[in-house]
Amino acid sequence: MSKKVQVKICFGTHCYVMGGSHLEMLEESLPAELKDYVEVSGSPCFGHCEEKTAGTPPFVEVNGTIIEKANIELIINYIREVLADGIRE
Amino acid sequence: MNQSPFFIEIDTFSRMKEGEPICGDCFVTKKVKTEQRMVIVLSDGLGSGVKANVLGSMTASMAANFIVQHEPVQRTATAIMKTLPVDSERQMSYATFTIIDIRHDGETHIVEYGNPRCEIIGIDGVRTPERKKVYVDEFADESRVMFTFSFKAKKEDRIVFYSDGVTQAGMGSLNYPFGWEEGGVRTYLMNHLKDTPQISARDLVRKVVSHAVAKDYFAPKDDISCGVVYFRKPRKMLICTGPPYHNEDDARMADLLNRFDGKKVICGGTTARIVSRELNRDVKVGMVSEGGLPPSSKIEGFDLVTEGILTLGRVTKLLDELNSTTINGDGPAVEMIRQFFESDEIKFLVGTKINEAHQDPNLPVELEIRRNVVKKIVRLLEEKFFKEVTIQYI
Ligand code: FES
């Protein structure tokens, strides 16, 4: 696998007050076996908070897919899925 | 002071005598907007500690109020002497003062009483306007005499004034048996200005005071204070916050920012996104929040890019609490305040589109309306820190 899974955390106002502030711990919380396959970065407001259909903040994008009501556990599970899919392909 | 040929930067700084809880040197600065005037007073109360502070602050505020009202200096001085409480040990009431009255075109009047002389330093060296003697009242002897003088300041002139804690610093030491003395301070200033001709008033007052403190072996034997007035070319800053009301104005906003000559700050995630899109530059966001605020980001060409409303709220709170231009710590709000302090003319470009999501009653905190927070910040910057501030809505 050459490409890492790209995780973008929204640090916009809305996401931040809705729990996104905890997500800065994500990088440290990554299980050791995932660390080399994931790249975490921050982002200003994605704009999803203003689209009624996008769901509830905080938002995180994993390889471009929006995750709503994001928390660390949810993100890690999703990363696992993406990696598993990648291996299957 | 818009038509002024220069910006008048004023800053003051004090260190207390070792072991005292409060400073006996007091500064008062008043801005008379309608007349485009500034009056600054430094008063040194007799002795040190609380008693000196009472004398000093009474003197400074009375002098400032009288001079703002155009009272003659003699009447001002007499009124102060009559009002000051008498020291029980020394059976006298005494506080020195330096009054600096500046018009926006540079016309300056100075009154000195008991403090070391102030230095007027321009590009071509020290200026020594002729001083006139004025007796405090008709019974006054030679010890109760004031000096007054006037001059017209030019761009790059500085007025440096200080308390005797500065001139007496180091007194009794081998190198400075009589203290730093006026001549010593002058030489120091000249050398320093030769090396850093653009040094701000803010930095210069701190330099002078810390130098004097060092001469007292870091345990000041008296209150040590310095003030500087610097007639400078204004340092400009543009801070842009909030998306424009009409989407069509996005490009105009980005263009205004891009072409601005001075410091540029973006405050708000959506604003940052717009600028990044319009100017085709990446936004890089840090990963660590500092002081409980979302981390700041980086866009090439900008001095600071922060989150919006939470950061502005914190800036308001910090500005409200601050009593000087000394600010410690890190984080986006502190960083923004530092940018303000390093600027003279600050322009807010405020986007007026309402973020509907912020009105969501389910939010765990109440988010203030951007416009209102900006107004509060503007008022603090103008009234407390004497910045020239303008707001443009877009
Ligand atoms: S604040 Fe996260 S999407 Fe707007």
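How do α8(B) and α10(B) lie: roughly parallel or roughly antiparallel to each other?

Modeller: They are roughly parallel. Bear in mind that this is a predicted model.

Start with the geometry. Helix α8 of chain B covers residues 309-321, and helix α10 of chain B covers residues 370-383. Their axes come within 10 Å. The crossing angle is roughly 30°. Angles under 35 degrees count as roughly parallel, so that label applies to α8(B) and α10(B). The crossing of α8(B) past α10(B) is left-handed.

Now the residues that touch. From α8(B) come B:Ile309, B:Leu312, B:Gly313, B:Val315, B:Thr316, B:Leu319 and B:Asp320. α10(B) answers with B:Arg370, B:Val373, B:Val374, B:Lys376, B:Ile377, B:Leu380 and B:Leu381. By class, this contact of α8(B) with α10(B) has 9 nonpolar residues, 2 polar and 3 charged.

Take helix α6 (residues 250-259) and helix α7 (residues 269-279) of chain B. Their axes are 9 Å apart, and the packing angle is about 85°. That makes α6(B) roughly perpendicular to α7(B). α6(B) contributes B:Asp250, B:Ala251, B:Met253, B:Ala254, B:Leu257 and B:Asn258 to the contact. On the α7(B) side stand B:Thr271, B:Ile274, B:Val275, B:Arg277, B:Glu278 and B:Leu279. The contact of α6(B) with α7(B) divides into 7 nonpolar, 2 polar and 3 charged residues.

Next, helix α4 (residues 181-195) and helix α5 (residues 201-215) of chain B. Here the axes come within 12 Å and cross at roughly 135°. α4(B) and α5(B) are therefore oblique to each other. α4(B) passes α5(B) in a right-handed crossing. In α4(B), B:Tyr188, B:Leu189, B:His192 and B:Leu193 make the contact. They meet B:Leu204, B:Lys207, B:Val208 and B:His211 of α5(B). Of the residues in this contact of α4(B) with α5(B), 5 are nonpolar, 2 polar and 1 charged.

Step back to the domains. Chain B is divided into domain 1 (7-232) and domain 2 (236-393). Taken over C-alpha atoms, the centres of domain 1 and domain 2 of chain B are separated by 36 Å. Contact between them involves 11 residues of domain 1 of chain B and 10 residues of domain 2 of chain B. About 880 Å² is buried between domain 1 and domain 2 of chain B, and carbon and sulfur atoms give 49% of that area. On the domain 1 side of chain B, the residues losing the most area to domain 2 are B:Phe7, B:Lys31 and B:Arg202. Together those three account for 58% of what that side buries.

Two backbone details deserve a check while the model is open. B:His70 has a positive phi of about 65°, although it is not a glycine. B:His70 sits in the loop between α1 (49-68) and α2 (73-83) of chain B. In chain A, a cis peptide bond joins A:Pro57 and A:Pro58, with omega about 0°. A:Pro58 belongs to the loop between β2 (38-43) and β3 (60-62) of chain A.

Back to your pair, then: α8(B) and α10(B) are roughly parallel, with a left-handed crossing of α8(B) past α10(B).

Terms used:
Residues numbered from 1 in each chain as written. Chains lettered and ligands numbered in written order. Predicted model: local features only at pLDDT ≥ 70, side-chain atom pairs only at ≥ 80, totals over all residues. Heavy atoms only, no water. Axes fitted to C-alpha atoms, helices over the stretch in contact; angles between N-to-C directions. Helix = DSSP H or I, 4+ residues; strand = E, 2+ residues; numbered from the N terminus. Parallel < 35°, antiparallel > 145°, perpendicular 65-115°, else oblique. Left-handed = near helix turned anticlockwise from the far one by under 90°. Contact = heavy atoms within 4.5 Å. Nonpolar A, V, L, I, M, F, W, Y, C, P; charged D, E, K, R; others polar. Domains from an automatic or database assignment. Buried area = accessible area lost by both parts, 1.4 Å probe.
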